[in-house]
Amino acid sequence: MPLNVQDKKAIVADVGAQLAGAQTVVLAEYRGIPVEQLTKLRASARDQGVYLRVLKNTLARRAAQGTQFEPLADSMVGPLIYGISADPIASAKVLQNFAKNQDKLVITAGLYNGKLLDVAGVKALATIPSRNELLSQLLGVMLAPVSAMARVLGAVAAQKAAGAPAPAAAPVAEVAAPAEVVAEAAAPDASAEPAAAAPEAGTEAKETPAAE
């Protein structure tokens with residue numbers, strides 16, 4: 001069904017709005033791809049925040065006029081699907097990953113940060129880790145010492161569990177002396193004989209036998 005003027009204006013406005021906030025655009029031919037495969041590609045694009053749409057090239061050129069993506073106009077030839085993303089890598093990654101298993105999707109060109117990309121450039125861009133992947137890698141590096149410590153503690157706990165149980169603590173009554181005994185030991189012994197007076201000069205003190 002041919003598009004009327006209003007439909008065309010709406011498409012140009014929609015695509016223009018997407019381009020205004022985008023960093024990367026990737027173009028790919030989709031000739032011969034089954035509808036169900038394209039549906040899967042669109043679902044994958046949505047999950048990655050990529051605006052993916054089959055467009056008439058004349059409308060895409062109008063939308064790109066006056067934007068950093070205008071240099072792509074010469075590459076807008078043939079039946080194309082457009083991947084547009086604010087993330088600098090997402091659109092290249094989504095289309096390249098799909099192309100690995102579907103040879104009928106052929107990447108033709110792209111533009112990132114105002115620079116035109118050929119097929120090799122788009123594929124190289126797709127190999128760069130995404131922001132989420134980088135954050136995941138960074139988190140893994142940060143958690144590595146914690147994981148190592150957890151493994152060590154787990155190994156120690158397992159070793160203790162496999163060995164003999166630790167001896168039980170002695171009852172308090174067996175370790176600590178009763179208060180009465182402490183008090184009795186501290187008090188002077190009433191029945192003890194008074195200490196002998198110091199011997200007078202010239203007399204020898206009797207030897208006290210050593211305690212056995």
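This report describes the sheet, a helix contact and the salt bridges of a predicted model.

## Basis

Local features of this predicted model need pLDDT of at least 70, side-chain atom pairs count only at pLDDT 80 or more, and totals for chains, interfaces and linings use all residues. Residues are numbered from 1 along each chain as its sequence is written, and side-chain values use heavy atoms, with hydrogens and water left out.

## The sheet

Five strands make up an open sheet, in the order E2-E3-E1-E4-E5, with antiparallel pairing. Strands (E, at least two residues) and helices (H or I, at least four) are DSSP runs, numbered from the N terminus. Two strands pair if DSSP finds at least two bridges between them. At the edges lie E2 and strand E5 (115–117), each of which pairs on one side only. Ignoring direction, neighbouring strands of the sheet are turned by 20 degrees against each other on average.

E2 and strand E3 (residues 80–85) run antiparallel and are joined by five bridges. Leucine 55 has leucine 80 in E3 as its bridge partner. Helix H5 packs on the sheet and touches strand E1 (24–29), strand E4 (106–112) and E5; contact means heavy atoms within 4.5 Å. The direction of H5 makes about 75 degrees with that of E4.

## Helices H4 and H5

Helix H4 (residues 90–101) packs against helix H5 (residues 119–127) at an angle of about 105 degrees, and their axes are 8 Å apart. Axes are lines fitted to C-alpha atoms, for helices over the stretch in contact, and angles run from 0 to 180 degrees between N-to-C directions. H4 is therefore roughly perpendicular to H5, a term for angles of 65 to 115 degrees.

On the H4 side, the contact is made by Ala92, Lys93 and Gln96; on the H5 side, by Val122, Lys123, Leu125, Ala126 and Thr127.

## Salt bridges

The model has two salt bridges, each defined as a side-chain nitrogen of Lys or Arg within 4 Å of a carboxyl oxygen of Asp or Glu. In one, aspartate 14 pairs with arginine 53, with the closest N and O atoms 3.0 Å apart. This pair links distant parts of the chain, 39 residues apart: aspartate 14 is in helix H1 (residues 5–20) and arginine 53 in strand E2 (residues 51–55). Aspartate 14 is partly exposed at 29% relative accessible area, and arginine 53 is partly exposed at 25%.

Glutamate 29 and arginine 31 also form a salt bridge, at 3.7 Å from N to O. Glutamate 29 is partly exposed at 23%, whereas arginine 31 counts as exposed at 53%. Buried means under 20% relative accessible area, exposed over 50%, and partly exposed in between (1.4 Å probe, protein chains only).

Note on methods:
Angles under 35 degrees count as roughly parallel, over 145 as roughly antiparallel, 65 to 115 as roughly perpendicular and the rest as oblique.
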